[in-house]
Amino acid sequence: MQWTVRLEARTSQGEVTTTELVTFSRPAVVSTLAEVGLVLSDTKALLAKLQASMLCGQVAEYAAHHRACVECGALQPLKDQRTRRLQTLFGTVEVEAPRFKACCCRQPVPMTGVTVSPVCALLSARCTPELERVQAELGARTSFRDGVRILEALLPVSPANHESLRSRTHAVALQLEAADRQAAAEITAVRDEPDKAAAADASRPVVMLDGAYIRAVPGHQVRNFEAICGKVEQEGQPTRRFALVRSVAEQPHALLRAALQDQGWREGDAVTAISDGDPALPALVRSATGGPVEPILDWFHLSMRVQHVEQVMGGLYAVEPPPLAPLDHAQIDVERLRHLLWNGHHEKACEALGRITSWAKDAIVLNEPAMEARAKRLLARCTELRSYIENNKGALIDYGQRYRAGKPISTSRAEGTVNQLVSAHCLA
Ligand SMILES: [Zn+2]
């Protein structure tokens, strides 16, 4: 049995041409399931022929339309016939790109000796934007080698090596960054107009940053890489999300700066940065703004460490027989910890932690050996929390007050961004 696919093309002048694209044949009586219906190799052949036929016809019509002089309408003489190759998702196509001598009617300066090539002007890149986008999408989600394999398996796309997929992915990434900066520059230009500047919201933008280690695709030069995800929030503006990989982003601070400018931040404005205690994150904000940054230690991360102390304390009371004094005193201080830190009394919290650790040390001596391991764990958790507080002294605030004012106190929403990124990566 045979099937023939014919393509009927109709130009804008109404001329119709029919081209035979492909013929598929199958045995009259098939013997296996594999011989039933259209298969991938047929489809790829069909798509390649269809693309070549459409593209050549369309470009020829384009060239014919542009051959007429824009001034007098006369046909410009043909100088020579060249060809151009265009890479598409459906194969590389060679199209005719005639060059014309510019019409001599143009005044006051006759353009004698000038040639025009409308097709070359149209085909400004070697590949279609669609191919570039699909390659970049695959390059961002899988290894470059796998990206090439997937494309070649499914589509009649011209063979590419992983190097070209890599460079195309990077080119698209740079375009995205440039577009971000451009958009930010336009917004800044609008805001610099005096009347608009006066109307700008005086409230300070909040940057929420969070880092995550993400497993790299197999075969990548490193096993893990650190991604920084964040959000910029400003009252009256839609939230702006961003993500970057510090080790490969050429200008990580430029990306953040663009995100801030997009949210209405202006040079010299103070910025609030909420992060988990990694000093590199507020430093990134400082290098992006070059101005004052108010760092805030994320309440979620602080609260988690308090919870560790509370849990170990609870575990101490779960053993039989219950511990002897002085752990009862420690229990009271553990119960106060969260309240003290929430209300910005971090020095009192450190004093309480000091008392808990000294009672825990006594408890190790006074109680049964069974208690010893647990009391040591309490000691370790308290020491951990205390150094976390001391290392982040400049970033501790009265969380309760800020919370009651309706302002964010946690990057947990930035963590949502990290989780989205991680799960998108795992699903890909
Ligand atoms: Zn003319």
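# Briefing on the predicted chain

A search of the whole structure finds zero disulfides. The model discussed here is a predicted one. Its chain has 428 residues, of which 38% count as buried, and its secondary structure comes to 14 helices and 10 strands. Among contacts between residues at least 6 apart in sequence, 58% join residues at least 24 apart.

- Cys104 takes part in no disulfide, and the nearest cysteine sulfur, which belongs to Cys103, is 5.2 Å away.
- Cys104 is exposed, because its relative accessible area of 55% lies in the range over 50%.
- Cys120 has a relative accessible area of 28% and is therefore partly exposed.

**Packing of helix 11 and helix 12**

- Two packed helices are described by the angle between their axes and the distance between the axes.
- For helix 11 (residues 346-366) and helix 12 (residues 369-391), the angle is about 160° and the axes are 9 Å apart.
- Helix 11 is therefore roughly antiparallel to helix 12, since angles over 145 degrees are classed in that way.
- The crossing of helix 11 past helix 12 is left-handed.
- On the side of helix 11, the contact is made by His346, Cys350, Leu353, Gly354, Ile356, Thr357, Ala360, Lys361 and Ile364.
- On the side of helix 12, the contributing residues are Glu372, Ala375, Lys376, Leu378, Leu379, Cys382, Thr383, Leu385, Arg386, Ile389 and Glu390.
- Divided by class, the contact of helix 11 with helix 12 has 11 nonpolar, four polar and five charged residues.
- Thr357, placed in helix 11, is buried, because its relative accessible area is 14% and the limit for burial is under 20%.

**Packing of helix 7 and helix 8**

- The axes of helix 7 (residues 252-262) and helix 8 (residues 280-289) come within 8 Å and cross at roughly 70°.
- Helix 7 is therefore roughly perpendicular to helix 8, a class that covers angles from 65 to 115 degrees.
- Helix 7 contributes Pro252, His253, Leu256, Arg257 and Leu260 to the contact, while helix 8 contributes Leu284, Val285, Ser287, Ala288 and Thr289.
- By class, this contact of helix 7 with helix 8 has six nonpolar, three polar and one charged residues.

**Buried charged residues in strands**

- Lys231 lies in strand 7 (residues 224-233) and counts as buried, because its relative accessibility is 6%.
- Lys231 and Thr411 are 180 residues apart along the chain, yet their C-alpha atoms are separated by 8.8 Å.
- Arg99 lies in strand 4 (residues 91-101).
- At 17% relative accessibility, Arg99 is also counted as buried, because the limit is under 20%.
- Not counting residues up to four places away in sequence, Arg99 touches Pro77, Leu78, Lys79, Asp80, Arg82, Thr115, Val116 and Ser117.

- Glu61 lies in helix 1 and counts as partly exposed, because its relative accessibility is 28%.
- Glu61 and Thr11 are 50 residues apart in sequence, with a C-alpha to C-alpha distance of 7.6 Å.
- With neighbours within four places in sequence left aside, Glu61 is in contact with Thr11, Ser12 and Gln13.
- Leu75 is placed in the loop between helix 1 (40-67) and strand 3 (78-88).
- Leu75 is exposed, because its relative accessible area is 61%.
- Leu75 is in contact with Arg67 and Ala68 when neighbours within four places in sequence are left aside.
- Leu75 and Ala64 are 11 residues apart in sequence and 9.1 Å apart in space, from C-alpha to C-alpha.

Definitions and conventions. Residues numbered from 1 in each chain as written. Predicted model: local features only at pLDDT ≥ 70, side-chain atom pairs only at ≥ 80, totals over all residues. Heavy atoms only, no water. Axes fitted to C-alpha atoms, helices over the stretch in contact; angles between N-to-C directions. Helix = DSSP H or I, 4+ residues; strand = E, 2+ residues; numbered from the N terminus. Parallel < 35°, antiparallel > 145°, perpendicular 65-115°, else oblique. Left-handed = near helix turned anticlockwise from the far one by under 90°. Contact = heavy atoms within 4.5 Å. Nonpolar A, V, L, I, M, F, W, Y, C, P; charged D, E, K, R; others polar. Buried < 20%, exposed > 50% of the residue type's maximum accessible area, 1.4 Å probe, protein only. Disulfide = S-S within 2.5 Å.
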